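Okay, thanks for coming, everyone. Let me put the structure up, and then I'll walk you through a few spots in it.

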Amino acid sequence: MNRVYVCSCFGVTEKQVKAHADAGACTPRQIASACKAGTDCGGCVRRIQALLGRGACPQRELIDQGVPALVAEQDPVGLSALPEAA
């Protein structure tokens with residue numbers, strides 16, 4: 001087996017990080033939530049950032065448009081921006 005480990009603390013490989021990115025993880029924090037990589041010593045965070053790059057990420061695009069990250073995750077169609085009923 002030829003594995004390239006990104007996070008030796010939790011045994012997370014480059015292939016696993018890329019798979020999580022393909023599944024929608026756009027940030028090192030989202031990768032950490034998915035597989036714990038970057039949550040112990042932190043030595044792999046820069047490598048994770050490099051693997052993620054600055055490619056297309058729907059959540060990042062919403063954030064760049066000024067939609068708060070939590071709203072983007074919990075309310076992807078922007079319903080919270082509608083006025084409340086009286």
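So, starting with C7: setting aside neighbours within four places in sequence, C7 is in contact with V12, A37, G38 and C44, where contact means heavy atoms within 4.5 Å. Before I go on, this is a predicted model, where local features need pLDDT of at least 70, side-chain atom pairs count only at pLDDT 80 or more, and totals for chains, interfaces and linings use all residues. Numbering runs from 1 along each chain as its sequence is written, and side-chain values use heavy atoms, with hydrogens and water left out.

Back to C7, which sits in strand β1, residues 5–7; strands are DSSP runs of E, at least two residues, helices are runs of H or I, at least four, and both are numbered from the N terminus. How far apart are C7 and C44 in space? They're 5.6 Å apart, C-alpha to C-alpha, and 37 residues apart in sequence.

Is C7 buried or exposed? C7 is buried, because its relative accessibility is 2% and the cut-off for buried is under 20% relative accessible area (exposed is over 50%, partly exposed in between, with a 1.4 Å probe and protein chains only).

Now T13, over in strand β2, residues 12–13. T13 is buried too, with a relative accessible area of 10%. Leaving out neighbours within four places in sequence, T13 is in contact with R3, V4, Y5 and V6.

Last stop, the helices: V17, H20 and A21 in α1 meet I31, A34 and C35 in α2.
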